[in-house]
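My entries follow in the order I took them.

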Amino acid sequence: MPTKKKPLVTAAAERRGELLHTAAEVFAEQGYNATTVRKIADQAGMLAGSLYYHFDSKESMLEEILRTFLDELWSGYDTVLAAGLGPRETLRALVTESFREIDRHRAAVAIYQKESKQLVAQDRFAFLAESQRRFETAWLSTLERGVTEQVFRADLDVRLTYRFVRDTVWVAASWYRPGGQHSPEEIARQYLSMVLDGIAVRT
């Protein structure tokens, strides 16, 4: 009966997810070029040949890791951008969503930070460049709208601010550990209290 196959499918999907999680941790720690299929298999407690049952190459694993992270990131970002919030509230929501993604995909974020410049030269990873363009547009338009609406300071260099916010948020992947003392929402709140006091119009 069809219902008897469901546990097998579920188990296979769960195993695939576990292997991707392991691969992401190895990629993040050792670097993509230095990581071999054998190293991933060793970390997963299996033979390298068995890993090929699930994935045809380490490139396939990396692509799925990054696409999963970016698909989820943009699902959250698109919801924020479509909500019709003011620029300050949009910035707050984007930062919070970013820290939530670091919590969910810390290793993938670290890989993205370290490897993107090299990977975008490959056709297989061209989606990274498109995501970077969308990311820049989302943040710059929010900052520019804040200046236009006199929510953020008129003398604000929006491009410099964008780079500062981008880099300081995503570098958290290098030290953040899920399940730590602070939730991603609390980290976002603390971060925003520092940033927004610096860019908001003084009253």
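**Entry: a loop residue.** I started with Gln150, which lies in the loop between helix H7 (127-148) and helix H8 (158-170). I am working with a predicted model, so I read every value as computed from it. I checked the backbone there. Gln150 has a positive phi of about 60°, although this residue is not a glycine.

Entry: I moved to Glu63, which I found in helix H4. Here I looked up the accessible area again. Glu63 has a relative accessible area of 16%. Buried means under 20%, so Glu63 is buried. Which residues does Glu63 touch, leaving aside neighbours within four places in sequence? I noted Arg124, Phe125 and Phe127.

**Entry: H4 against H6.** I stayed with H4 and turned to its packing. Two packed helices are described by the angle between their axes and the distance between the axes. I looked up both. Helix H4 covers residues 58-81 and helix H6 covers residues 106-119. Their axes come within 11 Å. They cross at roughly 115°. The range from 65 to 115 degrees counts as roughly perpendicular, so I logged H4 and H6 as roughly perpendicular to each other. For the hand, I noted that H4 passes H6 in a left-handed crossing.

Which residues make this contact? From H4 I listed Leu62, Ile65, Leu66, Phe69 and Leu70. They meet Ala108, Val109, Ile111, Tyr112 and Leu119 in H6. By class, I recorded 10 nonpolar residues in the contact of H4 with H6, with no polar and no charged ones.

**Entry: the whole protein.** I then stepped back. How many helices and strands does the protein have? I noted nine helices and zero strands. Read along the sequence, the pattern is α-α-α-α-α-α-α-α-α. I took the extent from the C-alpha trace, which spans about 65 × 40 × 35 Å along its principal axes.

I checked burial for the chain too. The protein has 203 residues, and 43% of them count as buried. Its accessible surface comes to about 11400 Å². Carbon and sulfur atoms account for 53% of that surface.

I took contacts between residues at least 6 apart in sequence. Of these, 71% join residues at least 24 apart.

Definitions and conventions:
Residues numbered from 1 in each chain as written. Predicted model: local features only at pLDDT ≥ 70, side-chain atom pairs only at ≥ 80, totals over all residues. Heavy atoms only, no water. Axes fitted to C-alpha atoms, helices over the stretch in contact; angles between N-to-C directions. Helix = DSSP H or I, 4+ residues; strand = E, 2+ residues; numbered from the N terminus. Parallel < 35°, antiparallel > 145°, perpendicular 65-115°, else oblique. Left-handed = near helix turned anticlockwise from the far one by under 90°. Contact = heavy atoms within 4.5 Å. Nonpolar A, V, L, I, M, F, W, Y, C, P; charged D, E, K, R; others polar. Buried < 20%, exposed > 50% of the residue type's maximum accessible area, 1.4 Å probe, protein only. Areas by Shrake-Rupley, 256 points an atom, 1.4 Å probe, with all protein chains shown as cover.
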